[in-house]
Amino acid sequence: MDESTLLPPDPLSDELDAFIADRHLPDRGRELDREPSFPRTEFEAMGSGGWLGLTVPGKLGGRALPLPRAGALLYRLAYRSGTAFAKLSLQPEFSSVLRDVGSAAQVEEWFRPLVQGERLVGNQITEASAGSDVMALRLQARRDRSGYLLTGEKTEVAFSEDADAAIVYGRVTGAAGGAADGVTAFLVSQKSPGLRRTRVGTDLGERWQRRGTVTYRDVRVPLDARLGEEGEGFEYVRPELTRERTLLAMIYLGVARASWAETVRHVGERVAFGKHLANNEAVAFPLVEDGAHLDAAGLFVQRTLERLEAEEEVDADAALSKWMGTEVALTVLDHAIQFHGGRGYSNTLPHEQRWRDVRSGMIAHGSSEIMHLLAARRLWPKGPTASRGSQEKEGR
Ligand SMILES: Cc1cc2nc3c(=O)[nH]c(=O)nc-3n(C[C@H](O)[C@H](O)[C@H](O)COP(=O)(O)OP(=O)(O)OC[C@H]3O[C@@H](n4cnc5c(N)ncnc54)[C@H](O)[C@@H]3O)c2cc1C
């Protein structure tokens, strides 16, 4: 099979391939699974090589690529080296609230160094009683004359011990707080006094993210640690979620395409019962379907990226992109494990790790069920009890 037909071409493809090979990223990705740690050296190299923040404006040190091109490059990176470095490349995207509404000083101190691979900025939204139901979050930001005191606990967060700073979402209380009920974003150094970080358990996949809990007990932050206005946190993060969900889908499809190609090759060579595995319809047909599903999902996600680039409203399609990208990829990876037999199930081949890594896509950045809820809103914008037909009549 000609690999060039599997990978979307881009003027930066050769440069990216050379970077992946020089830095041994496929091997490093597997090593990070066996011995989880934050890949600081590769993070710095990605920063100086221009592979962090593909869509970030040039004046902030990024490549300023349009979203469809960034998606194609992330797909390529994931195809060649798994999810780890492609996700790392998205780290500035995950911090776009800082870029978009941070002050000039915050951007200089944290966002630019993030794009350069010098400082890691995490995201802290989830709490023990507020995951999917994010509006239930309770971390308190008590305002006084000189700033805010943060008290509460963030759970499940990536880079619990490794982030240099984090974008933390909390509720403002206190006399001066204008939007007591609204959620506000803060940029908080993770070395602040009163802050405690604890790694929790070992994850199924993406272990290098070393997730855990961060506890805030009267952590004092200055007024200018606030990102944008009080009460606007969710408004700021919404466009970020839409972009990142769509780009993540390209990563899952890229890594699954690699396993698909390897499996197609394998079943064309492996002989059992005197014939190649590919001669069995039970083996060949799922791989035929997987190839078509990968193509179809890829086209859908690319179209969503093009519409996003054109500044159309695509929240529902972004949600469907992440759901579909994850779902298709997991099926493809499951077949890759199955058709490689006993070795497919072991870590001597990459498929089981890829499956474990991609499995996070059903939970992180909004679960698959929540993606369905977002997409359902488009079908029933006035609520699920009204039929689409009757709504259209009402609309007229
Ligand atoms: C790899 C990984 C990285 C993460 N990184 C971060 C991070 O950096 N920062 C951060 O803040 N968080 C992070 N998270 C946390 C993640 O955002 C939450 O786990 C996720 O939002 C789900 O919340 P929850 O765990 O509380 O599950 P719950 O909200 O308790 O959901 C449990 C299940 O119930 C389903 N469910 C909930 N409500 C409904 C409903 N109304 N209808 C149907 N089904 C429903 C969910 O889909 C899910 O399947 C990460 C998670 C993972 C797995």
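Colleague: Into which domains does the assignment divide the protein?

Modeller: In this predicted model, the domain assignment gives domain 1 as residues 3-115, domain 2 as residues 121-230 and domain 3 as residues 234-388. The secondary structure of the protein amounts to 15 helices and ten strands.

Colleague: How should I read the relation between two of these domains, and how many residues of domain 1 are in contact with domain 2?

Modeller: As a general idea, the size of an interface is often given as the accessible area lost when the parts come together. Here the description rests on residue contacts instead, and 18 residues of domain 1 are in contact with 15 residues of domain 2. On the side of domain 1 that touches domain 2, the helices α2 (25-34), α5 (83-89), α7 (96-101) and α8 (104-115) each supply at least two residues. By class, that side of domain 1 divides into eleven nonpolar residues, six polar residues and one charged residue. The centres of domain 1 and domain 2, taken over C-alpha atoms, are separated by 25 Å.

Colleague: Turning to helix packing, at what angle do α4 and α10 pack?

Modeller: Helix α4 (residues 67-81) and helix α10 (residues 281-309) pack at an angle of about 145 degrees, and their axes lie 8 Å apart. From α4 the contact takes L67, P68 and G71, while α10 contributes V301, Q302, L305, E306, L308 and E309. Sorted by class, this contact of α4 with α10 has five nonpolar, two polar and two charged residues.

Colleague: Which residues come nearest to the ligand, and which domains supply the shell around it?

Modeller: There are 19 residues around the ligand, and of these G131, S132, A158, S367 and E369 come nearest. Domain 2 (121-230) and domain 3 (234-388) each give the shell at least three residues. Among the secondary-structure elements, β1 (121-124), β3 (147-157) and α14 (368-379) each supply at least two residues of the shell, and the largest share, three residues, comes from β1. The shell residues divide into six nonpolar, nine polar and four charged.

Colleague: Finally, what does the radius of gyration say about the overall form of the protein?

Modeller: The radius of gyration of the protein is 22 Å, which agrees with the value near 21 Å that a compact globule of 396 residues would have. Along the principal axes, the C-alpha atoms fill a box of roughly 80 × 60 × 40 Å. Of the 396 residues, 46% count as buried. Among contacts with a separation of 6 or more, 74% are accounted for by residues 24 or more positions apart.

Notes:
Residues numbered from 1 in each chain as written. Predicted model: local features only at pLDDT ≥ 70, side-chain atom pairs only at ≥ 80, totals over all residues. Near = placed C-beta within 6 Å. Helix = DSSP H or I, 4+ residues; strand = E, 2+ residues; numbered from the N terminus. Nonpolar A, V, L, I, M, F, W, Y, C, P; charged D, E, K, R; others polar. Domains from an automatic or database assignment. Contact = placed C-beta atoms within 7 Å. Axes fitted to C-alpha atoms, helices over the stretch in contact; angles between N-to-C directions. Rg over C-alpha atoms; globule rule 2.2 N^0.38 Å. Buried ≥ 20, exposed ≤ 12 C-beta atoms within 10 Å, placed from the backbone.
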